[in-house]
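Work through the exercises below with the model open. Each task comes with a stepwise solution.

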Amino acid sequence: MKIKDLLLKDIMVMDMQATEKEAAIDEMINSLDRNRVINDASIFKEAILNRESQSSTGLGDGIAMPHAKTKAVNRPAVLFAKSRKGVEYESLDGQPAFLFFMIAVPEGANDTHLQTLAALSRMLIDPEFVNKLKQAATPEEVHALFDQSEQDAEATANAPEEKSEDKPFIVAVTACPTGIAHTYMAEDSLKKKAAEMNVDIRVETNGSDGAKNRLTPEEIKRADAVIIAASKKVEMARFDGKRVLERPVSDGIKKTEELITKAIHQDAPVYYAEQDQQSSDNEEKPKSIWSGVYKDLMNGISHMLPFVIGGGILMALSFLFESVLGSESEIFIFLNEIGGNAFNFLIPIFAGFIAMSIADRPGLMPGMVGGLLAVNSDAGFIGGLVAGFLAGYVVILLKRLLYRLPKSLEGLKPILLYPVLGLLITGILMYFIFGPVFAGINTAMVNFLQGLGTGNAVIVGVLLGGMMAIDMGGPFNKAAYAFSIGIFTDTGDGSLMAAVMAGGMVPPLAIALASTIFKNKFTEEERKSGVTNYVMGLSFITEGAIPFAAADPLRVIGSSLLGAAIAGGLTQFWNSAIPAPHGGIFVIPLAENALFFLLSLAIGTIVAALILGVWRKTINSTK
């Protein structure tokens with residue numbers, strides 16, 4: 001496939017009018033939408049902005065490559081756009097961007113498409129080629145430039161490669177979060193700079209289509225050093241004992257000379273796989289202890305949620321059938337047993353995947369068993385949380401203590417020493433110390449919550465409902481949700497689930513309602529997205545509000561927080577409860593005092609929508 005097959009003439013923007021980043025993104029997305037390259041502009045924009053939040057795709061030297069791989073794309077395409085004025089794009093060099101390549105890739109893109117996009121990315125490293133693009137005045141000229149560049153690249157690729165044992169030899173791995181553009185630009189930059197510096201280099205790319213040009217054990221062994229220019233997880237254990245320079249993928253594009261110089265002078269730390277170094281394996285180094293703890297906690301919650309949702313909703317349905325058919329009915333017993341068995345896995349899965357996040361695979365088994373011990377000792381959700389972190393750090397300690405074992409015993413670590421010692425130490429600590437201690441704490445907390453008067457229960461509901469709207473899927477939201485699940489699993493009481501569900505449903509519903517009532521306060525694209533938020537809000541998917549919150553954080557979060565807090569408090573005032581951890585409007589028939597739950601939700605939504613609508617400024621109709 002040729003690049004011109006993806007670089008469509010009809011969608012090019014040869015005279016971009018926008019001068020700010022988001023307006024430029026909107027202008028390009030509108031062209032893709034008009035030409036039916038994408039089927040949902042709001043979903044595609046959300047994917048573009050999510051990629052931008054990881055690191056700017058403004059590469060510097062006047063080039064930006066926003067890109068996304070999502071189901072909102074009908075067919076793979078590259079939109080070329082030019083700006084005469086320049087766009088403040090938060091580029092890596094702080095300078096305006098003049099050339100734009102918006103890459104749209106469908107979820108099922110084949111290998112040919114991805115290889116073509118990789119070739120496009122490599123071409124943009126050449127300053128002479130970029131200069132010619134800046135001078136191009138028509139889509140036809142743009143196509144002709146890429147045709148010529150492809151021919152030149154093919155001739156270069158067919159030329160014999162010179163290698164010398166006298167030259168320094170380094171290996172590198174490049175990877176970016178989406179694996180579409182930066183991965184291959186970093187590869188090409190490293191190769192070109194290495195050739196200029198008379199250095200032999202082999203570069204492995206970890207793109208959307210998997211690892212290409214994979215480094216061999218012999219090459220790794222021969223290399224003077226290893227460069228990892230990656231902003232996502234790459235396989236690191238193979239570099240054990242080598243000097244490894246770990247940097248973000250953007251440095252592989254812009255700081256190639258510095259990286260290669262450090263590598264050939266071996267100015268990099270020695271990497272030890274057994275030391276469980278938690279540096280840029282999946283992302284940049286945590287900026288604080290809390291960010292590392294949060295990452296481990298979220299790993300446990302994300303793996304637990306399918307059990308929570310599947311088991312919880314089936315159990316709730318079983319109670320509905322019990323109320324109609326009686327406790328002896330086969331359908332009640334069947335659904336209740338399936339849901340109950342799924343719920344039995346919650347805390348072991350939660351603890352196991354916390355431990356796995358900390359200590360990799362050796363932490364999984366002792367973490368899960370520690371979680372089961374927490375269940376058996378009535379330490380509950382909090383005990384499982386402690387078991388996960390305990391097992392993870394026990395395994396980390398074992399890795400440190402056993403690091404200097406003879407090489408002949410290396411194979412015994414994963415299959416014998418880590419499982420046996422990890423389980424034994426975690427089991428002793430949980431059975432004799434942490435299990436009984438946190439069982440007492442858990443019992444006291446449950447008794448306190450069950451003994452709350454109406455006034456105090458309302459305060460708890462206000463707090464939990466508000467937390468669901470503060471960051472809409474972030475740490476506060478997840479903390480409130482996890483706390484409510486813990487109480488629900490320990491007691492079967494769904495009152496706090498009602499508070500968090502109402503609080504989580506308010507933000508998208510309020511945005512949808514405000515965009516319907518206050519049409520002059522929202523753009524046409526925002527009003528279309530608003531309709532989608534009705535569905536997401538009713539389904540208890542708070543994240544539908546994120547694009548609006550990102551564009552207007554003070555007004556959207558401020559109004560949503562107040563409405564969600566009111567909704568959460570009212571659910572407790574009217575003694576509403578939902579015996580299911582998810583489902584939104586679809587599990588309302590299972591709720592206690594369902595009409596009052598709906599009234600709480602309606603009041604919170606209307607308050608938030610009115611505040612947001614009044615607070616926002618009127619859109620200038622001349623724009």
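Helices (H or I, at least four residues) and strands (E, at least two) are DSSP runs, numbered from the N terminus. The model is predicted: local features need pLDDT of at least 70, side-chain atom pairs count only at pLDDT 80 or more, and totals for chains, interfaces and linings use all residues. Residues are numbered from 1 along each chain as its sequence is written, and side-chain values use heavy atoms, without hydrogens and water.

**Exercise 1.** Locate Arg36 and classify its exposure.

Step 1. Find the flanking elements. Arg36 sits in the loop between helix 2 (21-34) and helix 3 (41-54).
Step 2. Apply the classes: buried is under 20% relative accessible area, exposed over 50%, partly exposed in between (1.4 Å probe, protein chains only).
Step 3. Arg36 has 67% relative accessibility, so it counts as exposed.
Step 4. Take a distance. Ile11 is 25 residues away along the chain, and the C-alpha atoms of Arg36 and Ile11 are 9.7 Å apart.

**Exercise 2.** Describe the chain as a whole.

Step 1. Count elements: 23 helices and 10 strands.
Step 2. Check burial. Of 623 residues, 51% count as buried.
Step 3. Check contacts (heavy atoms within 4.5 Å). Among those between residues at least 6 apart in sequence, 73% join residues at least 24 apart.
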